[in-house]
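Hi everyone, thanks for coming. Let me put today's chain up on the screen, and then we'll walk through it together.

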Amino acid sequence: MTMNKIKWALGIIVMGFVLNSQVTLAEHFNGHVDVKVGALSAAAEKGQITFNRTCAACHGNNGEGSLKGPPLIHSIYNPGHHSNQSFYSAVRNGVQQHHWPYGDMPAQKEIAFSEMAAIIQFVREVQQQNGIVLQEHKM
Ligand code: HEC
């Protein structure tokens with residue numbers, strides 16, 4: 001290869017990276033991540049029904065995110081950064097906007113305390129199936 005051809009080849013590789021990262025950004029702004037759901041425990045299956053009835057309006061089907069709320073199947077919601085306690089608190093008290101550009105989350109009054117364990121079980125199982133595991137919280 002001549003020097004010129006090498007430069008062209010390198011240019012095309014760099015362009016590929018730039019385009020690829022723009023696609024990732026665009027996906028992020030669409031509020032979607034790809035979520036796969038495998039076999040679930042009985043509790044998680046129950047939680048999935050409640051989740052997709054109530055939370056999916058903003059957090060997307062199976063927590064994949066939507067234009068109204070963030071994906072919960074996302075590394076920032078790993079159990080080390082957002083404990084189960086933060087799920088109880090989010091549903092009981094709502095959440096002030098702090099991580100994302102979607103505004104505040106209103107308290108979800110129609111969700112009973114007794115339904116929460118199954119919802120959390122569902123989110124945690126799907127997180128694991130998508131490679132989201134506990135990371136120590138450093139801040
Ligand atoms: C009306 C829209 C909406 C609905 C419905 C909704 N959420 Fe949210 N939720 C949000 C938004 C927006 C955020 C992100 C706030 C931020 O960090 O900027 C959020 C954040 C969260 C968080 C992170 C809390 C934290 O400490 O950062 C959890 C957990 C959560 N939601 C769980 C749920 C569950 C479970 C349900 C269903 C019972 C639900 N949400 C229903 C909009 C919603």
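So, of the 139 residues in this protein chain, 23% count as buried, meaning that 20 or more other C-beta atoms, placed from the backbone, lie within 10 Å of the residue's own. Please keep in mind that this is a predicted model: local features need pLDDT of at least 70, side-chain atom pairs count only at pLDDT 80 or more, and totals for chains, interfaces and linings use all residues. Residues are numbered from 1 along each chain as its sequence is written.

The chain has four helices and zero strands, with helices taken as DSSP runs of H or I of at least four residues, strands as runs of E of at least two, numbered from the N terminus.

Helix α2, residues 42–59, packs against helix α4, residues 113–129, at an angle of about 100°, with the axes 7 Å apart. Those axes are lines fitted to C-alpha atoms over the stretch in contact, with angles from 0 to 180 degrees between N-to-C directions. The two helices are therefore roughly perpendicular, the word for 65 to 115 degrees.

Who meets whom? On the α2 side we have, among them, Ala-44, Gly-47 and Phe-51, and on the α4 side, Ala-118 and Phe-122 are included; contact means C-beta atoms within 7 Å. Ala-44, Gly-47 and Phe-51 are also among the buried residues of α2, and α4 is part of what covers those buried residues.

Technical notes. Angles under 35 degrees count as roughly parallel, over 145 as roughly antiparallel, 65 to 115 as roughly perpendicular and the rest as oblique. Two residues are in contact if their C-beta atoms, placed from the backbone, lie within 7 Å. A residue is buried if 20 or more other C-beta atoms lie within 10 Å of its own, exposed if 12 or fewer, and partly exposed in between; C-beta atoms are placed from the backbone.
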